[in-house]
Amino acid sequence: MYPDFQYLFQALFGIEMPEWLSIFKTFGFLVALSFLGAAWATSEELKRKEKQGLLQPEIITIETGKPLTAIELITSVIIGFIVGFKIGGLFGHFADISPDPMGYLLSFNGNLVGGIIGALVIGYSKYAEKKKQELPEVLVKRVTVYPHELMLEIVLVAAVGGLAGAKIFNALETWDDFIKDPIHSLTSSSGLTFLGGLIVATIAFYYYTRRHKIPFRHMCDAAAPGIMLAYGIGRLGCQFSGDGDWGIYNTAYVSDPYGTLIAATPAESQRVLPLLGDAPHTRFPAPAGLPRWLFGMNYPHNVGHEGIPIRGCVGDYCNVLPVSVFPTPIYEAVTCIILFFVLWTLRKRFTRTLQMFGTYLILVGVERFFVELIRVNSKYDWGFIHPTQAEILSVVLVITGACLLLFYRDRDRDSSIPTAAA
């Protein structure tokens with residue numbers, strides 16, 4: 001696995017890479033790519049709906065030529081101090097920070113001199129910029145802003161809401177681990193629940209669209225394909241970093257002391273069972289002609305430090321699973337990227353509002369429900385059934401999507417989608 005860029009580039013180029021690359025995490029990089037992919041797809045859909053007349057621009061008032069205010073200067077100085085404080089603290093401390101850069105960013109650690117320099121540089125830059133733009137008389141103009149031009153704000157809303165929801169729902173799902181170390185649980189780069197992120201991001205979207213007078217139903221339709229793409233790319237981040245979102249144990253393959261995955265005989269499979277305790281497991285060798293990694297991976301150097309030590313390994317990520325697990329992140333990544341192309345192909349054929357979003361909810365709910373059958377997750381004890389949090393939410397998503405397709409009707413003619421539109 002490739003928990004950070006140092007591991008990734010060493011694997012790609014076969015040579016030792018500088019330690020500072022370990023600051024950049026593979027999971028975070030792919031999550032950023034997922035947001036970019038979602039932003040592109042959503043922007044394209046918003047433009048299409050604007051051409052159809054379904055989305056109208058917002059008229060805003062902008063004042064130019066105003067002198068710098070005290071609030072603007074203080075804000076710039078504070079931002080500059082924080083940026084300089086944190087960047088300055090990186091130098092000479094890569095080894096301490098690289099295992100948990102998010103924890104460092106949320107801590108009070110940094111470099112005071114770097115903070116002062118950052119405050120002076122950004123504060124003066126803001127002053128010089130406003131001085132250059134200052135006019136003898138303030139100009140007031142009205143500007144037309146279309147929804148697709150708000151994509152930067154939309155991405156920020158999705159990022160903050162999605163990551164907050166993913167962390168909150170993951171804490172609820174792994175409550176015992178959260179209670180033991182709540183700070184690490186909330187700041188760690190691993191441990192994210194997608195469905196929780198989807199729910200909180202949707203709530204944040206609702207209030208954002210109301211503020212900008214964007215019909216929420218059209219925003220849902222426009223964002224649906226992009227969210228599916230983002231989920232698929234994000235699951236690649238889980239796979240490459242080995243963050244723990246894998247399936248149940250497959251005792252057909254075991255790890256040797258050096259982290260290499262090898263086929264196990266039935267007798268060897270029986271011998272490793274005590275290592276698994278009560279964890280769910282099965283034995284399923286790869287069918288002839290299919291690659292072994294589709295059915296069993298041991299995630300060496302995983303970012304979650306799960307498993308047993310790798311003999312001779314030196315560094316922050318020196319653990320490997322003793323027994324292979326089903327690589328469910330691969331299954332989800334491939335499935336969701338394919339489903340993105342399905343939604344993208346069908347998007348012009350939907351003739352009613354929320355058909356796209358309803359279809360998305362059904363597809364993502366069914367996909368997640370079935371992958372839960374071979375994933376490791378905490379289960380609720382409801383007597384005769386023992387569902388996981390994701391299974392419950394998946395059923396809710398499918399029911400919600402079905403209700404939108406079966407019962408939702410546009411409230412007026414203007415909200416319906418023209419069938420002849422490109």
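Me: What share of the 422 residues is buried?
Reply: A residue is called buried when its relative accessible area is under 20%, exposed when over 50%, and partly exposed in between, using a 1.4 Å probe and protein chains only. The model is predicted, so local features need pLDDT of at least 70 and side-chain atom pairs count only at pLDDT 80 or more, while totals for chains, interfaces and linings use all residues. Residues are numbered from 1 along each chain as its sequence is written, and side-chain values use heavy atoms, with hydrogens and water left out. Of the 422 residues in the protein, the buried ones make up 45%.

Me: How many helices and strands are in the protein?
Reply: Both are DSSP runs numbered from the N terminus: helices are H or I with at least four residues, and strands are E with at least two. Counted this way, the protein has 15 helices and eight strands.

Me: Which box do the C-alpha atoms of the protein fill?
Reply: The box is taken along the principal axes. Its dimensions are roughly 85 × 60 × 45 Å.

Me: Among contacts between residues at least 6 apart in sequence, what percentage joins residues at least 24 apart?
Reply: A contact means heavy atoms within 4.5 Å. Among contacts between residues at least 6 apart in sequence, the part joining residues at least 24 apart is 75%.

Me: Why does the distance between the ends of α14 agree with its number of residues?
Reply: The expected span of a helix is 1.5 Å times one less than its number of residues. Helix α14 covers residues 355-371, which is 17 residues, so it should span 24 Å. Its end C-alpha atoms agree with this, being apart by 24 Å.

Me: How many of the 17 residues of α14 are buried?
Reply: The buried residues include F357, Y360, L361 and V364. Helix α14 is mostly covered, and the number of its 17 residues that are buried is 12.

Me: Where is L354, and is it buried or exposed?
Reply: L354 is found in the loop between α13 (328-346) and α14. Its phi is near 70 degrees, a positive value in a residue other than glycine. Because its relative accessible area is 8%, L354 is buried.

Me: Which loop holds H305?
Reply: H305 has a positive phi of about 55 degrees although it is not a glycine. At 40% relative accessibility, H305 counts as partly exposed. The loop that holds H305 is the one between β5 (281-282) and β6 (308-309).

Me: Which cysteines does the disulfide join?
Reply: A disulfide is a covalent bond between the sulfur atoms of two cysteines. Here it is taken as a pair of cysteine sulfur atoms within 2.5 Å, and a search of the whole structure finds one. The S to S distance is 2.1 Å, and the link is left-handed, with -70 degrees about the S-S bond. The cysteines joined are C313 and C318.
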